[in-house]
Every structure is written in C-alpha cells, then in structure tokens.
Amino acid sequence: VRVPFPMRDCPPHSIVDQDAGSKVWERRRCPGQYSEAPGLEPIMEGRRRRRRRRRSRGDPEGRQSTEDVVSDTTLLFMIRNATDPSEADEIANTVQQGRPELLEQLKARALELAFHPVGCRVVQQCLDDLPAAEWEEVVSQFRGQSRSMATNRHANFVMQRVVQRHAGIVAELVPHALDLCRHVYGCRVVQRVVEAQPSGWRQLVAVLVARADELIVDGYGHFVMEHILAHHPQFRDAVC
C-alpha cells in the first residue's frame with residue numbers, strides 16, 4: 001500500500017513518484033517494519049491497542065463483544081471519558097436519579113474515584129446528598145487513607161467534606177496535623193476541621209497551638225493559625 005506524504009528524507013527502497021512530485025513509502029519486507037504516513041501512526045497504534053485489549057477479553061476477532069458494550073455504561077467509563085470537569089454534575093445526577101447500579105459502583109470504588117479529577121467532583125456531590133447509612137458506607141473506604149487524600153490535589157476536596165462530619169477521620173489526622181498544616185493542600189483540610197468543629201477538633205488544635213511559633217512563619221501554616229484565631233479567640237493568649 002502506497003501512501004503519499006510531503007517531501008522528506010526517504011529510505012533507499014522507497015519509490016519516488018516523479019509525476020506527483022512526492023515520495024511514497026511502500027510496505028517493507030521485514031516483519032513489523034512497514035511504514036505509513038507519519039500522521040497516521042498514532043491512530044493506527046491506538047487501533048491495534050484496542051484490538052489487542054478486546055482480544056484479551058475473549059473476542060478472537062477483535063470485535064467489540066456484548067460484554068464490552070455493557071461495560072461502557074459503568075460509572076468508571078462515564079468518568080474516564082468525561083472531557084470537562086463540569087460534566088461531573090451531570091454524572092452525579094445520573095447516579096442519584098434512578099441508576100441504583102451506578103450508586104453501588106460509587107460506594108464500592110469511592111476511594112479510587114476520589115483521586116480522579118472528575119471522579120472527585122462526583123464523589124463530593126454524592127456525599128452531600130447521600131443518606132446517613134450510605135454516607136458512612138462510602139466514607140469507610142477512606143479509613144487509613146486520610147493523609148494521602150488530604151495531600152492530593154483532587155482527593156483533598158473530598159476530605160474537606162468528610163472531616164466536617166466524621167470524627168474517626170479527624171482522629172486519624174491528629175498525628176499528622178503539623179505536616180498537613182505545612183502542605184499546600186493539607187492546610188485546607190485542617191482549616192475545615194477548625195471551622196466545622198467536629199468531635200476531636202480540640203485535640204488537633206491543641207497540637208497546632210503548641211507549635212504556633214513554627215507555624216505562624218510557615219508559608220501555609222500561617223493560614224491555619226489565622227483560621228484558629230478567627231474562629232476560636234480563646235486560643236489567642238496561647239498563640240501570642
């Protein structure tokens with residue numbers, strides 16, 4: 001198969017079409033060394049990759065099976081194929097309105113979705129509207145992962161919502177309070193704890209007040225200390 005392309009350096013075995021004034025490549029004899037127009041290679045490689053993936057799922061012809069079509073309706077597929085973060089609202093509405101199978105997927109994979117740029121928005125909106133029992137089921141996945149979520153550029157937004165209502169997660173953050181205050185994303189989570197005052201907030205604030213002299217000169221820690229003084233003036237003497 002001969003595919004024309006603009007004049008460029010061409011292998012010796014290429015054919016020059018004098019009439020068209022362009023060079024073309026012909027399929028090489030060596031296996032795997034065929035060549036095409038340069039712009040088509042990424043497209044062809046994508047097609048080959050998808051074909052291999054479908055074959056690995058049990059379709060020897062590389063055609064999309066019925067199972068693949070069904071999997072295209074999963075929550076992960078919807079999120080991974082979202083082209084704009086604003087689509088998260090539409091996905092969250094779909095999850096909450098008459099799609100119980102999507103809600104089950106959310107409850108099962110909330111931790112994975114929290115680290116996704118679109119998935120974190122879906123989790124946030126669903127957490128705002130879920131009943132208490134289902135809310136606890138989702139948040140239970142975050143136990144043991146609170147520090148990594150608080151310092152992640154996407155998951156920290158989910159953690160900011162969780163710490164306002166879940167005392168167990170706040171207790172996990174207390175040993176890491178100083179490190180979080182000095183972190184660009186972690187300091188936001190600590191500020192939400194100071195604002196919401198969930199159970200256990202006093203233990204966290206006590207750790208910070210004890211090291212106030214270090215935090216007030218830190219690039220991010222001073223935001224937390226200002227937040228403490230604004231919402232809890234009773235700590236002013238201890239800080240100043």
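1. Arg109 and Glu112 join their side chains in a salt bridge, at 2.8 Å from N to O. A salt bridge here is a side-chain nitrogen of Lys or Arg within 4 Å of a carboxyl oxygen of Asp or Glu. Arg109 is partly exposed at 36% relative accessibility, and Glu112 is partly exposed at 35%. Buried means under 20% relative accessible area, exposed over 50%, and partly exposed in between (1.4 Å probe, protein chains only).

2. The model is predicted: local features need pLDDT of at least 70, side-chain atom pairs count only at pLDDT 80 or more, and totals for chains, interfaces and linings use all residues. Residues are numbered from 1 along each chain as its sequence is written, and side-chain values use heavy atoms, with hydrogens and water left out.

3. The structure holds 9 salt bridges. One of them pairs Arg161 with Asp128 (3.1 Å, N to O). Arg161 is in helix 10 (residues 155–162) and Asp128 in helix 7, so this pair ties together parts 33 residues apart in sequence. Helices are DSSP runs (H or I, at least four residues), numbered from the N terminus.

4. Glu104, Lys107, Glu134 and Glu137 form a network of salt bridges.

5. Helix 4 (residues 87–96) has Ala88, Ile91, Ala92 and Val95 buried. Viewed down the axis of helix 4, its buried residues fall within an arc of 100° (directions from the helix axis to the C-beta atoms), so they line one face of the helix.

6. The structure holds 0 disulfides (pairs of cysteine sulfur atoms within 2.5 Å). The sulfur of Cys181 is 7.7 Å from the closest cysteine sulfur, in Cys187, too far for a bond.

Terms used:
Helices (H or I, at least four residues) and strands (E, at least two) are DSSP runs, numbered from the N terminus.
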